[in-house]
Amino acid sequence: VLGQALAANGVLKELGLRDCGLTYRGLGALFEGLRGNGALEALDVTHNHVGDQGATDLAGCLRVNKTLREVKLDVDSWGATPQIGVKGASAVGEALMETLRFRTLNLVGIHLRRVSDLLGMPPEGKEWRDDRILEEISRRWRARLLAFAMGQHTR
């Protein structure tokens with residue numbers, strides 16, 4: 001129901017669902033609704049039960065939704081389980097590689113370092129925190145855009 005309401009909402013800018021006991025199914029419906037939402041800019045789903053499927057659903061949402069700027073997704077604290085594994089982290093990382101140019105995201109607890117090699121990070125990327133990996137992805141997008149603007153890009 002919340003996902004359907006969000007799809008039709010054109011006013012709500014922030015939504016806090018911190019520690020609500022949401023499972024990947026509920027979060028999946030939420031992320032599905034956000035695909036069609038053109039207003040929400042900040043979402044906090046900290047301390048919920050995301051798991052790989054929830055992270056994969058978030059990745060699908062990030063590929064489509066262009067207004068969401070901040071996602072708080074700290075699953076490390078308070079014993080929230082199931083944790084996001086390599087499959088979920090990979091899905092989110094790949095979505096960010098495709099779309100980070102549209103937004104700045106605050107993601108906590110994804111642990112992108114586990115998939116740093118898949119994201120093309122240097123070997124030391126396995127030691128980086130998520131914010132450092134996101135910064136590097138963003139830097140690479142800016143370099144691509146600059147090369148494109150200067151006519152030095154490859155397709």
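Asn37 is buried in this predicted model, with a relative accessible area of 4%. Asn37 sits in the loop that joins helix H2 (24-35) to strand E2 (42-44). Its side chain reaches two backbone atoms. One is the backbone oxygen of Leu6, at 2.7 Å from the side chain of Asn37. The other is the backbone nitrogen of Leu40, which the side chain of Asn37 reaches at 2.6 Å. With residues up to four places away in sequence left out of the count, Asn37 touches Leu6, Ala7, Asn9, Asn65 and Thr67.

## The chain as a whole

The protein has 5 helices and 3 strands. Read from the N terminus on, its elements run α-β-α-β-α-β-α-α. Of its 155 residues, 44% count as buried. Among the contacts with a separation of 6 or more, 72% are accounted for by residues 24 or more positions apart.

## Loop residues

Val45 is found in the loop between E2 and H3. Val45 is buried, and its relative accessible area is 0%. Leaving aside neighbours within four places in sequence, Val45 is in contact with Leu17, Leu27, Leu30, Lys72 and Leu73. Val45 and Asp19 are 26 residues apart in sequence, and their C-alpha atoms are 7.1 Å apart in space.

Asp19 lies in the loop between strand E1 (14-16) and H2. Is Asp19 buried or exposed? Asp19 is exposed, with a relative accessible area of 51%; the cut-off for exposed is over 50%. The backbone of Asp19 has a phi near 55 degrees, a positive value in a residue other than glycine.

His47 also has a positive phi, near 65 degrees, and is likewise a residue other than glycine. At 6% relative accessibility, His47 counts as buried.

The table gives the relative accessible area of the residues discussed here.

| Residue | Relative accessible area | Class |
|---|---|---|
| Asn37 | 4% | buried |
| Val45 | 0% | buried |
| His47 | 6% | buried |
| Met97 | 25% | partly exposed |
| Asp19 | 51% | exposed |

## Helix H4 and its two partners

Two packed helices are described by the angle between their axes and the distance between the axes. Helix H4 (residues 86-99) packs with helix H5 (residues 130-149), and the axis of H4 also comes within 7 Å of the axis of helix H3 (residues 51-64).

The axes of H3 and H4 cross at roughly 10 degrees. The two helices are therefore roughly parallel to each other, since angles under 35 degrees count as such. On the H3 side, the contact is made by Asp52, Ala55, Thr56, Leu58, Ala59, Leu62 and Arg63. On the H4 side, the residues involved are Val86, Lys87, Gly88, Ala91, Val92, Glu94, Ala95, Leu96, Glu98 and Thr99. By class, the contact of H3 with H4 has 9 nonpolar, 3 polar and 5 charged residues.

How is H4 placed against H5? These helices pack at an angle of about 30 degrees, with their axes 9 Å apart. That angle makes H4 roughly parallel to H5. H4 passes H5 in a right-handed crossing. The H4 residues that meet H5 are Leu96, Met97 and Glu98, and their counterparts in H5 are Leu134, Ile137 and Trp141. By class, the contact of H4 with H5 has 5 nonpolar, no polar and 1 charged residues.

Leu96 and Glu98 of H4 take part in the contact with H3 and are also listed among the residues that meet H5.

## Met97

Met97 is placed in helix H4. At 25% relative accessibility, Met97 counts as partly exposed. With residues up to four places away in sequence not counted, Met97 touches Leu119, Ile137 and Trp141. Ile137 and Trp141 are H5 residues in the contact of that helix with H4. Met97 and Trp141 are 44 residues apart in sequence, and 8.2 Å apart in space from C-alpha to C-alpha.

Key: Residues numbered from 1 in each chain as written. Predicted model: local features only at pLDDT ≥ 70, side-chain atom pairs only at ≥ 80, totals over all residues. Heavy atoms only, no water. Axes fitted to C-alpha atoms, helices over the stretch in contact; angles between N-to-C directions. Helix = DSSP H or I, 4+ residues; strand = E, 2+ residues; numbered from the N terminus. Parallel < 35°, antiparallel > 145°, perpendicular 65-115°, else oblique. Left-handed = near helix turned anticlockwise from the far one by under 90°. Contact = heavy atoms within 4.5 Å. Nonpolar A, V, L, I, M, F, W, Y, C, P; charged D, E, K, R; others polar. Buried < 20%, exposed > 50% of the residue type's maximum accessible area, 1.4 Å probe, protein only. Polar contact = N/O pair within 3.5 Å; in protein donor to acceptor, adjacent residues only side chain to side chain.
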